[in-house]
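The following exercises are to be worked with the sequence and the coordinates at hand. Each task is followed by a solution in steps.

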Amino acid sequence: MQTCFPKGTTKRAFVGSCRRRTPTVCVRAAVNVEQLKALRQELFSYINSRGCNPIIVRLGWHDSGTYDKNIAEWPARGGATGSIRFKPEIDHAANKGLAIALGILGPMKKKFPEVSYADLFQMASAVAVEAAGGPKIPMRYGRKDATSPEQCVPDGRLPGAAHPFADGSTSPAEHLRRVFGRMGLTDQEIVVLSGGHTLGRARPERSGFGADKTKYTDVGPGTSSASPSGSPDRPVTPKPVGQLGTSWTANWLEFDNSYFTEVKAKRDADLLVLPTDACLFEDDGFRPYAEKYAADQEAFFADYALAQQKLSELGVEWDEGAPVTI
Ligand code: HEM
């Protein structure tokens, strides 16, 4: 069987015509590596220039974090399928505000149509972490997309941050173990991934947490306070209007281990500590990891990179020829 397909692509089943004389099967790109590379480049410049890193990271996590290891069928099992782009999923309470992130990434999908939504969301999140000074995530690509609203996961798979927990958990630690355990993730992975809150803010109008503004989000360090962080059409000057929220860290556009040092110290009422954050230093199973990451940023980065890669592949059905690295 002879195949022909352009450089930079991997093959999949017969589609379309081939000019060669002999082939019985001609293949077309399942995973377009050139488009993936170009998209990555574009995401870097866009995310860097707009400071929308936090909401992009949250979008990737909320697409993949719906995975249920007890369900065999794809895409009913959830995970990184791109289903968050559809109603009703984007309208789930936990996803409030994330339509803004879809708006940011929509034009990228138009420009690089052969990249799946699922790949786009996970790539954008990895780039957002790296562009904020975090580790390079060892990403792989070729995720299949959920294709219709009927394939959305039911509401309620993502974690709550405080009592009362929808699953009846009596403590934040129990709730985190139930939710992340359903994804097949461990105590260590729960703790290290919570470090994603080194970026971003909570706003009352979205999650019900946080304040209208704090000294860090109102007149924050560097250009942080001017960042649209999810409101791409807002001019950088004058200062954004509306709720600016409460951040977990002083520089909430920089990816470092300050989430752990701040949650541990609880030094400032202007920084957020949700019950699910606080429990990382209170629970016997979580504490050793939280202490380690507070003390050692390198260890945090190394473990975070692996955990985000795993998160980005939860529930994934790979296209033929995938996964690929770029
Ligand atoms: C451990 C369980 C988790 C809970 C209970 C939780 C809860 C929350 C809440 C309540 C917000 C505020 C949303 C808003 O008001 O806009 C938030 C924001 C955020 N979360 Fe989480 N989260 C969890 C895990 C994670 C994970 C695993 C990641 C990434 C690896 C992550 C990344 C983010 C980011 C980056 C933001 C800021 C979004 C922005 O500024 O627009 N979270 N989270």
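Two residues are in contact if their C-beta atoms, placed from the backbone, lie within 7 Å. Helices (H or I, at least four residues) and strands (E, at least two) are DSSP runs, numbered from the N terminus. The model is a predicted one, in which local features need pLDDT of at least 70, side-chain atom pairs count only at pLDDT 80 or more, and totals for chains, interfaces and linings use all residues. Residues are numbered from 1 along each chain as its sequence is written.

**Exercise 1. Helix 6**

Task: State which residues of helix 6 are buried and which helices they pack against.

Solution. Step 1: apply the burial criterion, by which a residue is buried if 20 or more other C-beta atoms lie within 10 Å of its own, exposed if 12 or fewer, and partly exposed in between, with C-beta atoms placed from the backbone. Step 2: the buried residues of helix 6 are Asp 187, Glu 189, Ile 190, Val 191, Val 192, Leu 193 and Ser 194. Step 3: because 7 of its 8 residues are buried, helix 6 is largely enclosed by the rest of the structure. Step 4: the packing partners of these buried residues are helix 5 (172–182), helix 9, helix 10 (287–295) and helix 11 (297–312).

**Exercise 2. Confidence**

Task: Determine which element has the lowest mean pLDDT and which the highest.

Solution. Step 1: pLDDT is the predictor's confidence in each residue, from 0 to 100. Step 2: the chain has a mean pLDDT of 88, and 84% of its residues reach 70 or more. Step 3: among the elements, the lowest mean, 42, belongs to strand 1 (residues 9–14), and the highest, 99, to helix 6 (residues 187–194). Step 4: pLDDT is below 50 over residues 1–28, a stretch with 51 contacts in the model beyond near neighbours in sequence. Step 5: residues 221–238 also stay under 50, and the model has 39 contacts for them beyond four places in sequence. Step 6: the scores of the model are ipTM 0.99 and pTM 0.90.

**Exercise 3. Domains and their contact**

Task: Describe the division of the chain into domains and the side of domain 1 that touches domain 2.

Solution. Step 1: with bounds from an automatic or database domain assignment, the chain divides into domain 1 (32–158) and domain 2 (189–306). Step 2: their C-alpha centres are 21 Å apart. Step 3: 22 residues from domain 1 and 21 residues from domain 2 take part in the contact. Step 4: on the domain 1 side, helix 2 and helix 3 each supply at least two residues, and helix 2 has the largest share, 6 residues. Step 5: sort by class, counting Ala, Val, Leu, Ile, Met, Phe, Trp, Tyr, Cys and Pro as nonpolar, Asp, Glu, Lys and Arg as charged, and the others, Gly among them, as polar. This side of domain 1 then has 13 nonpolar, 5 polar and 4 charged residues.

**Exercise 4. The largest nonpolar core**

Task: Find which members of the largest nonpolar core touch the most other members.

Solution. Step 1: a nonpolar core is a set of buried Ala, Val, Leu, Ile, Met, Phe, Trp, Tyr and Cys residues joined through C-beta atoms within 7 Å. Step 2: among the 76 residues of the largest core, Ile 56, Ala 124 and Ala 128 touch the most other members. Step 3: helix 4 (residues 117–131) provides the largest share of this core, 11 residues. Step 4: leaving out residues up to four places away in sequence, Ile 56 touches Ile 47, Ala 101, Ile 104, Ala 124, Ser 125 and Ala 128.

**Exercise 5. Backbone geometry**

Solution. Step 1: most peptide bonds are trans. Step 3: Pro 75 lies in the loop between helix 2 (53–64) and helix 3 (99–111), and Pro 88 is placed in the loop between helix 2 and helix 3.
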